[in-house]
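Visitor: Hi! I have a new structure open and would like a friendly tour. Can we go through it together?

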Amino acid sequence: MKHLVIVESPAKAKKISEFLGKNYKVMATQGHITDLAKGGKHGIGVDISNGFAPRYSILPDRVKIIDNLIEAAGYADQILIASDPDREGEAIAWHVASRLEGCEKPFKRVEFNEITKKGVQKGIDNPRDIDENLFRAQEARRILDRIVGFMVSPFLMFTFGPKLSAGRVQSVVTKMIIDREDEIKAFKPEEYWSIKANISKNGDSSPFLAKYDIRVSNEQDANAVQSDLSDSNEFYEVISVERSQEKKKQPPPMVTSELQRVMSRSFGFSADRTMKAAQFLYENGYVTYIRTDSVRIEEDALKELRSWLSSSGHSVPKSPIIHKSKGSAQEAHECIRPTDISLGPDNPEMGGDEKMVYQVIWKYFVASQMEPAIYNTLKVTLRHSSNPNHYLKAAGKALESMGFLHVMGVNDENKIDIPNLSEGEKLFISAGGVTIERKFTQPPPRFSTDTLIKAMEQRNIGRPATYAEILSKIASRHYVEIDGKSFKPTELGYKINSCLESFFSFMDYNYTMDMEKKLDDIAAGSVNHTKMLKDFFSSFQSELKRACSSSHIAICPDCNGPMYERMSKSGQRFLGCSAFPRCKKVISSPNSNQSSPHSEENASAQNNLT
């Protein structure tokens, strides 16, 4: 064996082994092999006073895996680490390299954007060094999340009860759902009246519907307008006729967030359900890597798609359609696309969720390089003969050329139900007359998975790769509940949100957006991760102390965590650190006249609670 190739998933390892010869051995880490340890000051596994130096520990169920990797590395001439092509994958690569460092074998990082023979060979042919900046961005995010989770959650548990947690991103997403609910509750409906008239050239043949063009807010005015418009002695003059063509642009190929949104909107899938199916498709070689925010199409894939469109009888634009990614997208990545365009959406090789997700990915990819859909549109404006302040408008559109709608399976039956008209023509009220209908403005809807992900993207909260986990977590913690397809905050969610908003900057939308931008800058090498963490912790520590003080919570002198009043089996009251057993500090309780247990008795005092 000359090369040891290390990937994350056993399924992926099996697939890749089929493409590589006998000189390659492919093994899987089964995801992360390490995590931040639990211990030390603050119990977070990070030495804050020493430049936020993290202390990592091997995950218990990965010990045997690492032993096997070390053994295999001993027989290899070179080690190729092919974890996923994103920040988490870069962190896995870094940790694997650090654990195998003693093997004294050369390391290289490779990326497989697709699990196909071509994609694997391309990765093997383009090795690189581990990207330290990308790893530091992941590490900084992990440390931030650990600080918030481990240091704010005990405060919440002291205040509201056990088994509660705070999260740097999850708490902000909960706030978004609560803020929307508050908007709904504060909404005051406004009355308005819809006024429509049936119009025709001679008063009775070929009528069409026109709408009154001025907002009417009360019944008295609506009745007056209805009376004016219904006068059979009056007519309506055509004052403008606008005919035009309207193009509906091709959609871009899929990115992670849009895939989650479309599957939610069209099929009711949760983000987690979508990503599980997409992961299967990626690991089995059907689609390219599924965690991306770039709509870029690799050049060879673009040529293959245009060739396939032409040979399949579709009209192909003269030049490839260039779709623009969002500002934060990493253009080194590709969109989510089929690895083989000839494997169509109805292929029998897959079924269930996987087939539904694949169909969406395939259709959007193909549609992205087709001609736009073209509509003929008609807009007509009419003016009352004796009251020039009364206008009626009618509009319609009809599909002229389907373009990309062919492949999307859209059957657009819009048609123009307006006769051919010319300026200056006289029209009259026809059978059906003028109708009025009382309506009210509606409050903003609750967030669905689709609209919540869109709002998170707009506010730059979290990353597409984390959306599924975040939405699943806030529901499982009962901070929100799913009401039909909508997210609704619970009473517990309200209480926790109000408390966190009162004390912590990380709950501010702009603060969270800025933090995501800094993490991107760390990945780009323009911001030092240690400085960013120092700036965050300085204000965060002050906010936590203020929060604990306001709730009369004692602060642990050793780790600055909240302390709870506890009682030993002997009836002795004392304050024990919430980070126990990571921190075993105890002090005298203000409710007890007894002295604090001696330091050597700390562990037994905490262990012997009633």
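Visitor: Let me start with a detail. In which sense do strand β15 and strand β16 pair, and over how many bridges?

Guide: They pair in the antiparallel sense, over 4 bridges. Strand β15 covers residues 480-483, and strand β16 covers residues 486-489. Keep in mind that this is a predicted model.

Visitor: Which residue in β16 does Val-480 stand opposite?

Guide: Val-480 stands opposite Pro-489.

Visitor: And how many residues lie between the strands in that hairpin?

Guide: The hairpin has 2 residues between β15 and β16. Look at Gly-484 there: its phi is positive, near 70°.

Visitor: Okay, zooming out. How many helices and strands does the protein chain have?

Guide: The protein chain has 18 helices and 20 strands.

Visitor: What radius of gyration does the chain have, and what would a compact globule have?

Guide: The protein chain has 32 Å, whereas a compact globule of 610 residues would have a value near 25 Å. Along the principal axes, the C-alpha atoms fill a box of roughly 100 × 70 × 40 Å.

Visitor: What share of the residues counts as buried?

Guide: Of the 610 residues, 49% count as buried. As for the accessible surface, it comes to about 29,100 Å², and 47% of that belongs to carbon and sulfur atoms.

Visitor: Let's go inside. Which residues touch the most other members of the largest nonpolar core?

Guide: Those are Phe-112, Val-152, Phe-155, Phe-504 and Phe-540, in a core of 117 residues. The helix that gives the most to this core is α5 (residues 132-160), with 12 residues. In soluble globular proteins, nonpolar side chains tend to be buried together.

Visitor: What is Val-152 in contact with, leaving aside its neighbours within four places in sequence?

Guide: Its contacts are Ile-147, Ala-166, Leu-500, Phe-504, Phe-506 and Phe-540. There is also a second, separate core of 23 residues, which includes Trp-193, Ile-199, Val-225 and Val-241.

Visitor: New topic: where does His-406 lie?

Guide: You will find His-406 in helix α12, which spans residues 405-408. Setting aside neighbours within four places in sequence, His-406 contacts His-314 and Met-370.

Visitor: How many residues apart are His-406 and Ala-367 in sequence, and what is the spacing in space?

Guide: In sequence they are 39 residues apart, and in space 8.5 Å, C-alpha to C-alpha.

Visitor: What share of the chain's contacts comes from residues 24 or more positions apart?

Guide: Such pairs account for 71% of the contacts with a separation of 6 or more.

Note on methods. Residues are numbered from 1 along each chain as its sequence is written. This is a predicted model: local features need pLDDT of at least 70, side-chain atom pairs count only at pLDDT 80 or more; totals for chains, interfaces and linings use all residues. Side-chain values use heavy atoms; hydrogens and water are left out. Contact means heavy atoms within 4.5 Å. Two strands pair if DSSP finds at least two bridges between them. A nonpolar core is a set of buried Ala, Val, Leu, Ile, Met, Phe, Trp, Tyr and Cys residues joined through side-chain atoms within 4.5 Å. Buried means under 20% relative accessible area, exposed over 50%, partly exposed in between (1.4 Å probe, protein chains only). The radius of gyration is taken over C-alpha atoms; the globule rule is 2.2 Å times the number of residues to the power 0.38. Accessible areas come from the Shrake-Rupley method with a 1.4 Å probe; for residues, only the protein chains shown count as cover.
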